[in-house]
Amino acid sequence: MDALDLTLEYITSDIFFRGAQMTLLLTIISVFFGIVVGLIIAVCQEINNKALNYIVVIYLWFFRGTPVLFQIIFVYNVLPQFGIELSSFSSGVVALALNEGAYIAEIMRAGLQSVGKGQRTAATALAMREWQVMRYIVLPQALRVIIPPIGNQFIGMLKLSALVSVVAVEELLLVANQAASSNFRYLEALMAAGVYYLAFTTVFMFIQRHIEIWAKGSRKRDLANVDVDTLNSTEHMETR
Amino acid sequence: MENDIKTSPDAIIEAHQIRKSFGPLEVLKGVSLNVDQSKTIVIVGPSGSGKSTLIRCFNLLEIINAGTILFEGKAISGDDKDAWKTRLDIGMVFQNFELFPHLTALENITLAPKIVKGISRDEANEKGIKLLEKVRIPEKENSFPDQLSGGQQQRVAIARTLAMEPKVMLYDEPTSALDPEMIKEVLDVIQQLSQEGTTSVVVTHEMGFARRVADRVVFMDHGEIVENAPTDQFFSGDVSERAKLFLEQILSH
Ligand SMILES: Nc1ncnc2c1ncn2[C@@H]1O[C@H](COP(=O)(O)OP(=O)(O)OP(=O)(O)O)[C@@H](O)[C@H]1O
Ligand SMILES: [Mg+2]
């Protein structure tokens, strides 16, 4: 059987397809919970509470200061000693999400801080309550800053998810490795896995590109009915 | 009159001996001031004298450390959960406009009436367009703040504050961030509102405006009110040495 045929056979095989599904699932679930964790951390950082601030600092110190692989193995093998027993899939997701949260928190914080204090004060002076200021003034603007880099996190996570093969989650790379080690046809197995990875990253990049265009240009529609002198005065921002 | 709390029938805001510190720095050192219904007060004074801090205490953006502030005879001092209710009645316009850049001019104006007061979208829009006419920028309702000149932005900000129908308007140096040619268009709007009977407190360095529009002029220095006089008297030179010195300085450039 020549290389191309075998590669194609792998790509279309059930086991590779399921591995790819698993990789995609791991990525999406981990980023999703990473966003939840990141949001909680970002809010804790904004709140003036010494104890909470300390916990956050330790959290970030640990998850940014150790390898992800270390964290995965830790969750899978060490936590059971403390009575927390997770399946290999859950262990993978927990470790990836906790690690991801440490980075997404930073993105969220940058987004929240992109909205100036003056605007918050103005909204407060208009009798808005704190949650209304958050909901109507801060978040809509912060999201434009937060969403594009989160697209990057998806791409990063897709690649990071291969690490959970270490705890025997049947994701794409583990499947490829197992296939290859039975017949030593590494080229074909890795090509098949590579095709899946590249297909996913291409789709993610495509989506991200569109979200970026949305974030930058969701106001273009409104420029259509602007008169000439305002257009001139806004030229500086359009030619950026 | 300095020390005891005396409710005066004309006053809508009465500040009695209020004190405010930021850390070790005392910024308001026992300030008393009455703001009378339908009148316009202009506050002047050197940088750092506590003008902004004083009016920010009125709408509870700053919480005083001592003294009392009465609004319509009721104490508003103290940081309570109901601060926002006080702000329904006391609106503020800022030096740097602080429009919401993600919203159009009209949306800037209608947001708070809709979400705070629960006014319907149609009603809010209709009123918003009327307000834009009032501040003399009709046809800009769909422009975003960065498509407007500074003067236009400040007038939208005034309309945004008016949309809440406050009983008092506070202006904190409303023209200080503007190019000279735009100052007049903003001051004209404030003057018109004042002449229509809007109770106003205006912190400004525009002495011509003060002379034309103010009923009283208040001069602050080092966290104290040094002078509080009817406008004619203030500009006639019948004032304290400190106020005179300040006036000379500011009028000479
Ligand atoms: N949030 C704050 N924290 C610490 N210090 C403050 C704060 N706000 C004001 N100050 C200080 O209080 C003093 C009075 O400030 P304020 O803004 O009231 O003066 P101002 O009369 O409005 O001056 P300007 O004409 O420059 O606006 C200044 O020394 C200022 O640095
Ligand atoms: Mg000031």
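## Helix geometry exercises

H5(A) bends by about 30 degrees at Ala102(A). The model behind these exercises is predicted.

**Exercise 1.** Work out what span the 26 residues of helix H5 (residues 88-113) of chain A should have, and compare it with the distance between the end C-alpha atoms.

*Solution.* 
- The bend of about 30 degrees sits at Ala102(A).

**Exercise 2.** Describe how H2 (residues 14-46) of chain A packs on H3 (residues 50-65) of chain A.

*Solution.* 
- Two packed helices are described by the angle between their axes and the distance between the axes.
- Here the angle is about 135 degrees, and the axes are 9 Å apart.
- That angle makes H2(A) oblique to H3(A), because angles count as roughly antiparallel over 145 degrees and as roughly perpendicular from 65 to 115.
- The crossing of H2(A) past H3(A) is left-handed.
- H2(A) brings Val37(A), Ile41(A), Cys44(A) and Gln45(A) to the contact. H3(A) brings Leu52(A), Asn53(A), Val56(A), Tyr59(A) and Leu60(A).
- Sorted by class, this contact has seven nonpolar residues, two polar and no charged.

**Exercise 3.** H2(A) also packs on H7 (residues 130-160) of chain A. Find the geometry, the hand and the contact residues of this pair.

*Solution.* 
- The axes of H2(A) and H7(A) come within 9 Å and cross at roughly 135 degrees.
- The two helices are therefore oblique to each other.
- H2(A) passes H7(A) with a right-handed crossing.
- On H2(A), the contact uses Thr23(A), Thr27(A), Ile28(A), Ser30(A), Val31(A) and Ile35(A). On H7(A), it uses Ile150(A), Gln153(A), Phe154(A), Met157(A) and Leu158(A).
- The class count for H2(A) with H7(A) is seven nonpolar, four polar and no charged.

**Exercise 4.** Turn to chain B. Characterise the packing of H3 (residues 105-117) of chain B on H4 (residues 121-134) of chain B.

*Solution.* 
- The packing angle is about 135 degrees, with the axes 9 Å apart.
- H3(B) is thus oblique to H4(B).
- The crossing of H3(B) past H4(B) is right-handed.
- From H3(B) come Leu106(B), Ile109(B), Thr110(B) and Lys114(B). From H4(B) come Arg121(B), Ala124(B), Asn125(B), Gly128(B), Ile129(B), Leu131(B) and Leu132(B).
- The contact of H3(B) with H4(B) holds six nonpolar, three polar and two charged residues.

Conventions:
Residues numbered from 1 in each chain as written. Chains lettered and ligands numbered in written order. Predicted model: local features only at pLDDT ≥ 70, side-chain atom pairs only at ≥ 80, totals over all residues. Heavy atoms only, no water. Axes fitted to C-alpha atoms, helices over the stretch in contact; angles between N-to-C directions. Helix = DSSP H or I, 4+ residues; strand = E, 2+ residues; numbered from the N terminus. Parallel < 35°, antiparallel > 145°, perpendicular 65-115°, else oblique. Left-handed = near helix turned anticlockwise from the far one by under 90°. Contact = heavy atoms within 4.5 Å. Nonpolar A, V, L, I, M, F, W, Y, C, P; charged D, E, K, R; others polar. Expected span 1.5 Å × (residues − 1). Bend = angle between axes of the 7 residues up to and from the residue.
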